[in-house]
Amino acid sequence: MNLIQGFFFTFTLQALLLATFLFFKKSRQLYQNRIWSAFLFLFSLNLLFNLSFWIDTKSKTTITFSRSWFLLLALYGPLFYFYVRSLIKKQRIVLTRDFPHFLPFLFVILNFIAFFILPFQEKK
């Protein structure tokens with residue numbers, strides 16, 4: 001691991017720690033903190049994937065994760081939108097009203113469902 005990869009690993013740990021802190025922090029904005037915590041957690045997983053890809057591109061774990069990180073990307077937009085909306089309008093997520101925001105996530109799941117159900121040994 002070189003210096004730049006060490007910096008990214010440090011940022012990944014910081015994002016995970018901040019996500020954990022915000023998730024358990026008691027405050028008036030508990031709902032907003034939980035949404036932002038989920039966003040930071042997904043961001044740290046994305047950084048961790050980038051790190052694993054830079055360190056070893058031929059690893060089976062990296063190859064497997066490279067096909068499933070689209071799930072994380074599909075949740076960035078809705079989580080950020082719900083966070084900003086909850087700060088401005090004080091509205092919570094209601095699945096009947098907010099379902100269209102999760103459609104990209106469902107499309108990604110449907111697109112990769114055949115890959116997800118394969119045993120680990122057969123994923124290439």
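Buried here means under 20% relative accessible area, a cut-off applied throughout these close-up views of a predicted model.

**View 1. Burial along helix 4.** In helix 4, the buried residues are L71, L72, A74, L75, Y76, P78, L79, F82, Y83, R85 and S86. The helix runs over 19 residues and reaches 28 Å from its first C-alpha to its last, which is close to the 27 Å expected at 1.5 Å a residue.

**View 2. The bend in helix 4 and the residue beyond its end.** At Y76, helix 4 bends by about 30°, and a proline, P78, follows within four residues. Just after this helix, K90 takes a positive phi of about 60°.

**View 3. The largest nonpolar core.** This core has 11 residues, namely Y31, I35, F39, L42, L72, L75, Y76, L79, F82, Y83 and F102. Helix 2 (30-55) and helix 4 (70-88) each supply at least two residues of the core, and the largest share, 6 residues, comes from helix 4. In soluble globular proteins, nonpolar side chains tend to be buried together.

**View 4. The surroundings of L79.** When its neighbours within four places in sequence are left aside, L79 is in contact with I35, A38, F39 and L42; of these partners, I35, F39 and L42 belong, like L79 itself, to the largest nonpolar core.

**View 5. A19 in helix 1.** A19 lies in helix 1 (residues 3-24) and counts as buried because its relative accessibility is 3%. Not counting residues up to four places away in sequence, A19 touches S37, L40 and F41. The C-alpha atoms of A19 and L72, which are 53 residues apart along the chain, are separated by 15 Å.

Conventions. Residues are numbered from 1 along each chain as its sequence is written. This is a predicted model: local features need pLDDT of at least 70, side-chain atom pairs count only at pLDDT 80 or more; totals for chains, interfaces and linings use all residues. Side-chain values use heavy atoms; hydrogens and water are left out. A nonpolar core is a set of buried Ala, Val, Leu, Ile, Met, Phe, Trp, Tyr and Cys residues joined through side-chain atoms within 4.5 Å. Buried means under 20% relative accessible area, exposed over 50%, partly exposed in between (1.4 Å probe, protein chains only). Contact means heavy atoms within 4.5 Å. The expected span of a helix is 1.5 Å times one less than its number of residues. The bend at a residue is the angle between axes fitted to the seven residues ending there and the seven starting there.
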